[in-house]
Amino acid sequence: MTNSRLHSLDIRLLRYFAVVAEENNISRAAQRLFISQPPLSRHIRHLETQLGVTLFLRHTKGLILTDEGRRVLDIIQPLLEFQDRTLATLSQLSENAQQPLRLGLTTAFEQGVFAAVESALDEYSRALSITRHSSPALAQLVRKGKLDAALVALPLNTEGLHLYPLSYQEPLIAALPASWPETGMAELTLSALNHRPLFWFKRERNPDFFDYTRRIFDRAGYMPAYVEEPAEHDVLLARIARGEGMILLPASFSAIQRQGVVFCPLREGARMPLSIGVIYASHYAESVQKWLPLLDSLASGGLSGD
């Protein structure tokens with residue numbers, strides 16, 4: 001059975017003893033332990049009383065470790081090393097818990113889509129920092145180490161990054177001026193909008209997605225009159241409401257109510273879906289991969305949780 005005198009043994013006393021044994025000098029040991037010399041001496045005497053052994057022989061030039069002291073030191077060394085490892089692991093866990101998860105969310109989708117993602121990851125990481133930007137811009141931020149990961153619209157150039165596609169996708173729909181007669185068509189096709197002004201981005205902004213949609217346009221016989229897309233979403237919708245042009249957007253944007261703008265499904269919409277993927281750099285792989293199953297689960301339910 002365990003000696004009842006040791007039930008209340010403070011492990012700090014063992015740490016104090018080990019440092020004193022290394023230094024063979026109370027004064028130097030006290031400096032290492034950031035305590036004064038008299039309390040340290042009392043702690044060592046108290047430990048000797050609890051163990052029932054003499055740990056040191058005192059003399060004018062310092063201390064000499066006794067045979068019993070050497071045995072005690074050998075016995076406690078694994079315990080102190082284990083304590084060091086445990087505290088280091090707990091410290092790392094604490095640092096990870098406090099370090100914010102820096103996540104990018106693409107503005108290619110209506111932001112309500114990510115409500116459940118933000119809520120779940122905020123609880124998961126205890127600190128969530130969100131950056132909203134275009135998918136190409138988010139990819140650059142991940143490459144530069146300014147974001148841990150990003151949810152981006154696909155297709156996208158992800159060279160140099162890990163890509164984890166999610167099952168979530170949305171068909172593209174048309175946002176038209178309410179004044180256009182095409183809003184009344186029972187089944188709207190891309191070709192019915194030929195030569196109508198289309199607000200669109202320049203190819204250099206996102207070549208992969210531009211080429212992807214261009215191939216679909218060609219197959220559908222769609223020939224829009226390209227107009228440069230405004231950077232601000234509110235400006236874009238205002239210009240559409242004024243009849244200056246239209247745009248193709250993921251279906252989630254139909255949740256927006258804007259006077260003068262009508263969101264219309266397209267026959268070809270399902271053939272040109274916009275999907276979502278997670279991108280991250282190699283040096284963040286271990287931390288990011290821990291919450292990929294969570295995103296998978298949310299994606300299968302529609303991301304927003306609605």
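Before anything else, a term I need: helices here are DSSP runs of H or I, at least four residues, numbered from the N terminus. I'm working from a predicted model.

**Helix 8.** I went to the end of this helix and found Gly243 following it, with a positive phi near 85°. Which residues of helix 8 (residues 233-241) are buried? I noted Leu236, Leu237, Ala238 and Ile240. Then I looked at what covers these buried residues, and the cover includes strand 7 (172-177), strand 8 (197-200), strand 10 (247-250) and strand 11 (261-265).

I traced five strands in an open sheet, order 4-3-5-12-6, with mixed pairing.

Next I checked strand 6 against strand 12 (residues 274-280): they run antiparallel and are joined by six bridges. His162 sits opposite Tyr280 of strand 12. I also saw helix 6 (residues 135-143) packing on the sheet, where helix 6 touches strand 3 (101-106), strand 4, strand 5 (149-154) and strand 12. The direction of helix 6 makes about 150° with that of strand 5.

**Cores.** The largest nonpolar core has 59 residues, and I listed those touching the most other members: Leu151, Met246, Leu248, Met272, Val278, Trp291 and Leu295. I followed up Leu295: leaving aside neighbours within four places in sequence, Leu295 contacts Val117, Leu121, Leu151, Leu166 and Val278. A second, separate core has 23 residues, among them Phe17, Ala30, Leu40 and Ile44.

Technical notes. Residues are numbered from 1 along each chain as its sequence is written. This is a predicted model: local features need pLDDT of at least 70, side-chain atom pairs count only at pLDDT 80 or more; totals for chains, interfaces and linings use all residues. Side-chain values use heavy atoms; hydrogens and water are left out. A nonpolar core is a set of buried Ala, Val, Leu, Ile, Met, Phe, Trp, Tyr and Cys residues joined through side-chain atoms within 4.5 Å. Buried means under 20% relative accessible area, exposed over 50%, partly exposed in between (1.4 Å probe, protein chains only). Contact means heavy atoms within 4.5 Å. Two strands pair if DSSP finds at least two bridges between them. Helices (H or I, at least four residues) and strands (E, at least two) are DSSP runs, numbered from the N terminus. Axes are lines fitted to C-alpha atoms, for helices over the stretch in contact, and angles run from 0 to 180 degrees between N-to-C directions.
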